[in-house]
Amino acid sequence: MNTVLLFVNLAVLPLLLVGVIRKAKALMQTRLGAPVWQPFFDIAKLLRKGETISTNAGWVFVWAPRIALVVALATACLVPWAGPLLPPSWGGATNLILVVYLMGLGRFVSLLAAMDTGSAFGGLGASREATISLLIEPAVIAGLAALALGAGSTDLAKIYAAPMDPIIAGLVGVALVVAALAELSRMPVDDPTTHLELTMVHEAMILENSGRNLALVEYAVALRSCVLLGLAAQTLLRTVPGFLALADGPRYALSVAWLFGIGVVVAMAEGVLVKLKWRSVPGFLVYSVGLSLLAALLAVAKG
């Protein structure tokens, strides 16, 4: 059963989440929009296309999307973003420090690929992506550390299997949502639909990608969206009384429902928010760091 759920988590939910966010955003703008299955068709179309590779690009540009996808798949398997699916014997592999470094590795190879072609836009996007990751990493680590203090373990499976203080879970959950918006280059940090080169972050990094190479990048981003928003959803679900007492089936269904619920909220927010000026982004991310630090202080105070 877990094998089937793992396949659904890796192959269906990521692209379906992207489709739901796009559909909800279109409805917010009084447009019909594409069907929620459109990301599946887009990936299939890109996989059938050939690639146009710059003569300045080396092997890093070719192999980085493949490495980033493998890292994203490994992260999606290890993080209980839709509930724990791995057996308890995998406890060492689900350590939060390892997961944070895996996310960093995926981001690192993406930055290398963006700079490998020598494109000015790729370098600009990579520079901004590195800055954002530097700003949100303390929020993610401090937030997960606050939850780890309550569980007495750095194993994510044990952390999310143990009861959490609702206040700490709420603070960390909101902090993870804000961090996810920045990590995924979504509004108000970045507009994923813009093609104004000087304002882009993630889109500037992948301007040189095409065909199968671009399909791998888009799929890896969809996986990261599920992991980050799912982790926030799992944390916020711990504020719901009786959630841990549910059977595995209802708990999984509620986890997926909250994941897509957060996706719809993100889409609705993108329909009314405006993109921040680049110099205002650090001020926005301070909220995420502040909430995580407050949660960590509360966790230390509660012992």
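**Close-up views of a predicted model**

**View 1. Asn-209 sits in the loop between helix 8 and helix 9.** The model shown is predicted. Asn-209 has a relative accessible area of 9%. That value is under 20%, so Asn-209 counts as buried. Its side chain makes a polar contact of 2.5 Å with the side chain of Asn-213. Neighbours within four places in sequence aside, Asn-209 touches Phe-61, Pro-65, Leu-214 and Val-217.

**View 2. The largest pocket has a volume of about 930 Å³.** Its lining comprises 33 residues. Nearest the pocket centre are Val-18, Arg-22, Pro-192, Glu-203 and Glu-218. By class, the lining splits into 16 nonpolar, seven polar and ten charged residues.

View 3. Helix 1 contributes the most, with seven residues.

**View 4. One aromatic pair turns up in a search of the whole structure.** The partners are Trp-37 and Phe-40. Trp-37 has a relative accessibility of 46% and is partly exposed. Phe-40 is also partly exposed, at 22%. Both values fall between 20% and 50%, which means neither residue counts as buried or exposed.

Technical notes
Residues numbered from 1 in each chain as written. Predicted model: local features only at pLDDT ≥ 70, side-chain atom pairs only at ≥ 80, totals over all residues. Heavy atoms only, no water. 1 Å grid on protein atoms, 1.4 Å probe; cavity = no way out; pocket = protein on both sides within 12 Å on 5 of 7 lines; lining within 4 Å. Points joined across faces, edges and corners; volume = space filled by probe spheres on them. Helix = DSSP H or I, 4+ residues; strand = E, 2+ residues; numbered from the N terminus. Nonpolar A, V, L, I, M, F, W, Y, C, P; charged D, E, K, R; others polar. Buried < 20%, exposed > 50% of the residue type's maximum accessible area, 1.4 Å probe, protein only. Polar contact = N/O pair within 3.5 Å; in protein donor to acceptor, adjacent residues only side chain to side chain. Contact = heavy atoms within 4.5 Å. Phe/Tyr/Trp six-rings, centres within 6.5 Å; stacked < 30°, edge-to-face > 60°.
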